[in-house]
Amino acid sequence: MNSSHANISEELLARYLADTASEAERNDVEAWLAESEANARELATYRLIWDHTAAMKKSSVKVDTDAAWNKMKGKMAASQPSAVTSEAPIREPKTIEFRPEVQKRRLPVTVWAAALVAILVMAFGWFFLIADKTPKAMEVATADNTTEQILPDGTKVFLNYNSKLTYPENFAGDLRTVSLQGEAFFDVKPDAAHPFVIQANGTEIRVLGTSFNVKAYNEAPVRVDVATGKVRVTKDAHRVDLVKGESAEVLKDSIRSLQANMNLMGYRTQVYEFNAADLQDVVKSIRDGYHVDVRLANDKIAQCRLTIRFEKEPVDATLSVIAETLDLNLRKEGKVYWLDGDPCQ
């Protein structure tokens with residue numbers, strides 16, 4: 001037997017329970033029981049098992065305490081919870097999926113500020129770069145007056161009443177392009193590499209170097225009269241080339257060729273030349289050239305013909321000569337000049 005109790009061996013406890021222990025041994029066991037309740041509970045357990053095997057003790061002729069004790073220990077061992085083995089239970093391996101956390105890196109505010117400043121600098125730089133390359137648009141306009149404007153390339157433009165010319169501060173690119181509303185006489189500086197282009201009410205007039213008149217008021221078709229050189233007039237799919245003494249009138253769906261009327265340029269030249277012209281045409285040229293109101297008192301004198309030339313004459317003198325030539329009367333009522341008389345023979 002193995003001893004598992006201090007001073008009290010298991011063999012002694014067996015003899016104590018079998019009632020075969022000596023007086024001294026019994027005293028030792030009882031003293032041991034008195035030491036603690038745990039010792040008493042342990043002996044009680046031994047006794048319960050011992051009583052359970054009482055039948056074996058009663059049937060035996062000779063008490064074999066060792067055999068009884070071994071049997072009791074076997075039962076005690078069976079009643080005890082199974083010993084914990086050193087081997088831990090095998091568990092199914094648990095697979096833990098590792099996913100690296102994608103952490104968004106936040107840039108410092110200073111970095112964003114620097115990026116914003118860089119973008120603004122580039123934007124402003126681009127704007128000023130483009131602005132520097134885009135010529136500034138210039139404009140000259142008239143109301144109740146005429147004026148002459150010299151363009152950056154040296155071209156001279158004489159504007160009639162109620163007209164407006166738009167042109168760049170500096171001509172850049174392959175073309176010298178301007179825009180006209182109203183009427184103007186152009187004396188274009190020759191430049192074969194850079195054609196001069198006029199945009200007027202949807203009509204394009206293109207030249208290399210020449211002089212001509214463009215009339216482009218809204219209430220009438222665009223008209224071009226060439227004084228010198230060659231001019232190309234284009235409207236949509238229609239096109240016509242004009243030379244000195246030729247003219248063109250741009251209609252809605254066509255371009256009509258005419259003979260140039262140099263008297264249309266009288267607002268600039270103050271030169272008028274009529275050859276067997278009807279009085280009504282003469283009066284119209286005087287009216288447009290001098291910007292005065294001249295009227296015929298009756299339609300019977302409208303067909304009177306006149307051949308005459310005026311050059312830089314005052315309007316009063318011009319009208320007096322016409323009246324004297326056709327034997328008509330001239331009077332002025334307010335700002336209106338009247339020609340009156342009998343029909344011409």
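Contact here means heavy atoms within 4.5 Å, while helices (H or I, at least four residues) and strands (E, at least two) are DSSP runs, numbered from the N terminus. The model is predicted, so that local features need pLDDT of at least 70 and side-chain atom pairs count only at pLDDT 80 or more, whereas totals for chains, interfaces and linings use all residues. Residues are numbered from 1 along each chain as its sequence is written, and side-chain values use heavy atoms, with hydrogens and water left out.

Helix H9 (residues 315-326) lies across E15, E17 and E18, running at about 10° to E18; such angles run from 0 to 180 degrees between N-to-C directions, the axes being lines fitted to C-alpha atoms, for helices over the stretch in contact. The three strands form an open sheet of mixed pairing in the order E15-E18-E17, where two strands pair if DSSP finds at least two bridges between them. Its edge strands, each pairing on one side only, are E15 (293-296) and E17 (329-333). E17 and E18 (residues 336-340) pair in the antiparallel sense over five bridges, and Lys332 has Tyr337 in E18 as its bridge partner.

In their contact, Glu10, Leu13, Ala14, Tyr16, Leu17 and Ala18 of H1 meet Leu43, Tyr46, Arg47 and Trp50 of H3. Eight of the nine residues of H1 are buried (under 20% relative accessible area, with a 1.4 Å probe and protein chains only), so H1 is largely enclosed by the rest of the structure. H1 is followed by Asp19, whose phi is positive, near 65°.

Terms used: Buried < 20%, exposed > 50% of the residue type's maximum accessible area, 1.4 Å probe, protein only.
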